[in-house]
Amino acid sequence: MNNAVYSHKIDALLPTVYPHHTIDQTLDMIVARAPLSLLAMDVQGCVTWCSPLPPAHNELHNEVSWLHRPLVEVLPLSHGEALAWRACLRGESGYVKFVLNGKLIHGWFYPLRDSGNHVQGIAGILFDTGTTEPNHQLLAEHSTDVVTKHNMDGIIHYASPSVTRLLGYTPDELLGVTVFELFHPDDAKLARKKFFGTDRDYQPSEAIHYRIRAKNGDYIWFETIRKLIIDAASQITTEVVAVSRDITERKMTEDRLMYLANFDSLTGLPNRALFRDRLRRAIARAQRNEGRVALLFLDLDRFKNINDSLGHHAGDQLLRGVAKRLLKNAREGDTVARLGGDEFTVILEGIESSEDAAAVARKILELMEAPFKLDGHEIVVSTSIGITLYPEDATDMSNLLKNADTAMYRTKEKGRNNYQFYTADMNDKAIETLILENDLRHALERDEFELYFQPQFDLHTRAIIGIEALVRWHHPVRGLLGPNKFIPFAEESGLIIAMGEWILRTACRFARAWQSPGHAPLHVAVNLSMRQFHQRNLVEMVKQALTDSGLPPHCLELEITESMLAHNVEKTSSILHELANLGIRLSIDDFGTGYSSLHYLKRFPLNTLKIAQSFVQDIASEPDDAAIAEAIIGLAKALRLNVIAEGVETDEQVYFLRGRGCDWVQGDLFSKPIPSSDLLPWLRRNRPHFVVYQQGVLWPEAMHG
């Protein structure tokens with residue numbers, strides 16, 4: 001229908017409605033009685049015309065003049081609402097709403113165009129809704145949250161359009177559906193109670209968290225505030241109105257934070273916090289049921305060596321592998337946790353006796369026997385286990401953990417790769433160890449260390465060919481302590497770095513003093529620990545020790561272990577070649593007890609193999625030890641390396657070694673370690689010479705102070 005026809009029909013209709021008025025009078029009457037006002041404005045936003053105002057608008061009209069005033073001065077519009085009607089100047093329509101005299105007013109503005117389609121002004125319509133209460137249906141239709149209405153049986157009577165965006169359903173698809181069908185089974189009982197319970201059971205302002213099924217089958221986390229609709233006459237709840245929003249992302253973040261707070265990110269095992277909570281609960285259950293709890297404390301043996309040599313990536317691989325094996329061995333209901341580093345715990349509930357805990361410990365030791373594959377290396381790592389029992393050993397969590405830790409350290413002292421039950425006398429030992437560690441931290445600054453030297457002999461030339469530097473500790477209370485009493489603590493604490501540098505510098509200084517006229521040059525052997533070998537400035541530190549002492553590089557021999565060669569081969573090879581290029585001699589200490597490989601021996605610039613004392617000790621009576629020693633000697637000869645046997649204490653050992661072609665020997669039978677202050681006089685008194693032994697074996701005279 002075109003405008004002309006439309007206008008004609010209106011003109012024809014109006015006289016029949018108001019026969020005594022003109023068309024203009026009739027239109028003015030209709031507009032005056034309608035709850036709206038018509039406005040016209042110029043391009044500056046000033047009112048140029050307005051219709052007769054309805055009652056609510058007349059109050060405003062009585063206060064100010066509409067005509068020739070900017071609209072923003074006439075109406076209480078905010079900055080944003082003013083921008084909305086100014087959009088008409090760009091050819092767009094605009095909408096505003098505001099409260100005027102307690103009434104909610106809606107305004108629509110449209111551009112007025114001339115024949116050339118240019119904007120010449122603005123037309124406005126103000127509509128009085130008669131109330132300041134918002135239209136709830138309108139709000140629901142435009143809300144980004146989901147608004148739903150249910151009866152008390154959970155049947156959905158209304159769902160806002162936003163349900164399509166969040167759940168995939170159209171509002172019509174949900175009409176008549178029971179909301180209980182959409183709840184996640186794990187949340188259904190609690191959600192139903194909170195949705196439809198009375199306000200006595202549930203605070204209306206409390207948010208309900210639950211999962212609801214989307215159309216694609218996924219579950220979405222919702223946070224809902226609900227309101228009960230109560231019939232005024234009967235005071236009976238008739239409906240529930242709910243406003244819900246999607247909090248899935250927030251729940252995922254909360255769950256992730258909760259996981260990080262309770263689980264180890266590397267292994268996925270419970271961390272220290274969750275372990276303590278579970279141990280506390282296990283103790284409480286055991287108290288109620290008069291039961292037992294066993295706590296196993298595990299520490300990997302020599303884990304630092306792997307970290308220092310193969311790197312932290314390999315160390316992380318090992319920790320994940322250990323966690324996997326422990327979980328595989330765990331019973332249902334047991335807790336396997338990682339406290340940090342290479343420390344693990346196992347909580348055993350419902351055990352009948354200590355033998356049950358021992359059986360689990362033995363199984364763990366068996367599981368650790370298979371090698372771990374770490375960056376192409378196959379590494380066997382053992383573990384030391386301490387076991388304590390509730391209620392026999394302690395009745396509280398802190399003491400149980402302390403007892404298990406104490407028992408674990410006792411296992412390490414007894415040779416590792418085993419388990420020990422806690423006993424009361426272990427506490428005294430633990431306190432003693434703690435004091436010793438503390439004293440060790442001050443020993444270097446107090447000048448309590450001293451070097452001892454043990455001579456090494458050539459079985460063919462009858463000459464003393466070298467000396468090995470050995471450290472001793474003059475403890476102010478315990479007296480003279482051998483290295484086995486404190487070196488392990490120095491390794492674990494990192495004090496071995498400073499101690500090792502002191503040993504090297506002191507040994508070089510003494511060896512240089514022995515290079516005086518009339519004395520044959522002797523090489524001094526110094527042990528390097530794993531931590532020392534992998535310190536960044538090792539080569540520079542060795543160079544400086546030689547420079548400061550004036551000792552020729554060929555008179556220094558550095559002893560390393562096989563485990564150093566097997567880990568991080570490229571880096572190890574580079575360090576050894578740098579040292580060899582200086583003229584320093586290199587030997588492998590305790591050969592045969594670590595990760596032996598002909599490939600490593602061939603690749604590295606080595607001079608000497610040292611047969612471990614454990615093989616020499618029973619060389620004359622144990623065929624296996626004899627075979628190993630003989631094989632090492634043959635291997636050294638084939639690779640053109642010198643070979644020295646350490647720990648030689650009997651003539652039978654000498655007879656065997658000499659008969660198999662061993663080059664050098666070292667042990668208490670020839671000379672016990674000599675204090676540095678006594679070595680030079682000892683050398684002067686004992687010019688190396690041999691006499692014929694009664695059995696025909698060349699044997700040195702007793703060499704003692």
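Tutor: A cavity is a set of grid points where a 1.4 Å probe fits but cannot get out. The model here is predicted. Searching the whole structure turns up two cavities of 30 Å³ or more.

Student: What is the volume of the largest cavity, and what makes it count in that search?

Tutor: About 110 Å³ of space lies in it. The search takes cavities of 30 Å³ or more, so a probe-filled space of about 110 Å³ qualifies.

Student: Why are Thr148, His150, Val179, Ile212 and Phe222 called lining residues of the largest cavity?

Tutor: A lining residue has an atom within 4 Å of a cavity point. The largest cavity has 15 such residues, and these five lie nearest its centre. Two or more lining residues each come from strand S6 (146–151), helix H7 (162–167), strand S8 (208–213) and strand S10 (237–246). S6 gives the largest share, three residues.

Student: How do you know which classes make up that lining?

Tutor: Val, Ile and Phe count as nonpolar, and Asp, Glu, Lys and Arg as charged. By that scheme the lining of the largest cavity holds twelve nonpolar, three polar and no charged residues.

Student: What makes the lining of the second largest cavity partly charged?

Tutor: Its volume is about 40 Å³. Its lining includes Arg331 and Asp334. Arg and Asp count as charged, so these are the two charged residues in the tally. Seven nonpolar residues and one polar residue complete it.

Note on methods:
Residues are numbered from 1 along each chain as its sequence is written. This is a predicted model: local features need pLDDT of at least 70, side-chain atom pairs count only at pLDDT 80 or more; totals for chains, interfaces and linings use all residues. Side-chain values use heavy atoms; hydrogens and water are left out. On a 1 Å grid over the protein atoms alone, a cavity is a set of points where a 1.4 Å probe fits but cannot get out, and a pocket is an open set with protein on both sides within 12 Å along at least five of seven lines; lining residues have an atom within 4 Å of a point. Helices (H or I, at least four residues) and strands (E, at least two) are DSSP runs, numbered from the N terminus.
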